[in-house]
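Hello,

Here is the structure we spoke about handing over. My notes follow below it.

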Amino acid sequence: MNRFAFVLFALLVALPVSARRPKDVANMHDVDLVYYGSRYRSIAWDEEWARTHTTYTDSTGQMHYLFDTFLLLELHTGTGRFFEPAFRPTHPRNEIGTTKADWIQIVDTLLQVPTRNIDNALDEAARKIGRPKYKRQVVMFIPVPTEGQTNWGELDGRALDFNSTDDRIVACKWFVDMVCERFKEERYRNLSLAGFYWLAEDKNSGLTMLPTITDYVRSLGMKTIWIPYYNAAGAAEWKKMGFDRAYYQPNYAFPRRVVYRERLYDAVKFAKEHDMCMELEYDMHAVRSSNPDPLCDDRLVDYMEVFTETGMAEGPIAYYQDEGALCALQNSPDSADVALYHRFARFVAERQHRLAERK
């Protein structure tokens, strides 16, 4: 080894782990939000569902890859306990806070059902159209420890007390380590673990913890992402909190009233000012055959058009699709729904083709 190479090697070794370059997140271009695990969920996330979220077959019979990243998350257990306590802020902490057992169970569920079926669906696609240029990515959510909770559970023989910021950080680091270990055990063929997502959608939950937690994730060679809602407290401060990427929610698809298209332009303006990406949103109100809503039926089209017009469609996008809106559009008896499905799927597939050409 020459002297220069030796000095460079020594410097790299001497750097703290958190200072080493994390994995590139360029492959996290189209992020599919996958909600699953609560008892109240009606979706199956079986292999048929997984096929719908991994590939698209156009009107000529040609198959294309869709989303390159799958964000696994859940809001609560379905039994009154929440992975983000802000969803029930007025209830006693020990009643609504999820426990260590809940954290273990949700990881087992997410890695066994949707993730396993996605991996199998990608195997099927690879046999038909070849493997994509890079593995599909997985991002796991981090539950928000419920401040004031005392019944979460024990680590190393000691009961954690979430009145303590240090104990809340310890629990989050333990969760990250558990996910990394469990993901490795699953031996997925087509998926890699790319990072973690902070479940709280504003800065009011865990602000004091975040720089430490995000730095820890980076020390493991992975990234952290965040998706604050429209006008969320702290949305512009995402870099100060240590996140590597933030997507901004326009929340244009949801209000059951007139919301003008300018909302999308305002959201894009804010995102551009603060170096953020965008979230594209739609739910079952976009499916005319099952829930026609004259105020919502064209909003998915608005997202695609405005993102394209403003250039945001050239960058990474996260996709909120409710529990089953994508499958409902694809399988709808209404030709307008099917046409909307094809338009949306082409939007994503063409983004993936452009990204592959740049690789």
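**Around helix α7**

The elements that cover the buried residues of α7 include β5 (136-142), α6 (165-186), β8 (191-198) and β9 (223-226). Please keep in mind that this is a predicted model. Helix α7 itself takes in residues 210-219, and its buried residues are L210, I213, T214, V217, R218 and S219. Just after α7, G221 has a positive phi of about 85°.

**The strands**

β8 runs parallel to β5, and seven bridges join the two. In that pairing I142 stands opposite W198 of β8. β8 also runs parallel to β9, here with three bridges; G195 stands opposite K223 in β9.

β5 has another partner: β4 pairs with β5 in the parallel sense over four bridges. The bridge partner of L71 in β5 is V139. Strand β1 (residues 30-35) pairs with β4 as well, again in the parallel sense, over five bridges. There D32 stands opposite F70 in β4.

How many residues of strand β4 (residues 69-73) are buried? Five of the five are, so β4 is largely enclosed by the rest of the structure. Both of its faces are covered: T69, L71 and L73 are buried on one side, and F70 and L72 on the other.

**T224**

T224 is a residue of strand β9. Is T224 buried or exposed? Its relative accessible area is 3%, and the cut-off for buried is under 20%, so T224 counts as buried. Leaving aside neighbours within four places in sequence, T224 is in contact with F196, T214, V217, R218, G242, F243, D244 and R245.

**Helix α5**

Helix α5 (residues 114-129) has 16 residues, which at 1.5 Å a residue should span 22 Å. Its end C-alpha atoms are 22 Å apart, so the model agrees with that expectation. 12 of the 16 residues of α5 are buried, and the helix is therefore largely enclosed by the rest of the structure. The buried residues are P114, T115, R116, N117, I118, D119, A121, L122, D123, E124, A125 and A126. Just after α5, G130 takes a positive phi of about 85°.

**The largest pocket**

The largest pocket holds about 270 Å³ of space. Its lining is made up of 15 residues, and Y65, P132, Q352, H353 and A356 lie nearest its centre. Two elements give two or more residues to that lining, β3 (63-65) and α11 (335-358). Which element gives the largest share of the lining? That is α11, with five residues. By type, the lining residues divide into seven nonpolar, four polar and four charged.

Regards

Terms used. Residues numbered from 1 in each chain as written. Predicted model: local features only at pLDDT ≥ 70, side-chain atom pairs only at ≥ 80, totals over all residues. Heavy atoms only, no water. Buried < 20%, exposed > 50% of the residue type's maximum accessible area, 1.4 Å probe, protein only. Contact = heavy atoms within 4.5 Å. Pairing = 2+ DSSP bridges. Expected span 1.5 Å × (residues − 1). 1 Å grid on protein atoms, 1.4 Å probe; cavity = no way out; pocket = protein on both sides within 12 Å on 5 of 7 lines; lining within 4 Å. Points joined across faces, edges and corners; volume = space filled by probe spheres on them. Nonpolar A, V, L, I, M, F, W, Y, C, P; charged D, E, K, R; others polar.
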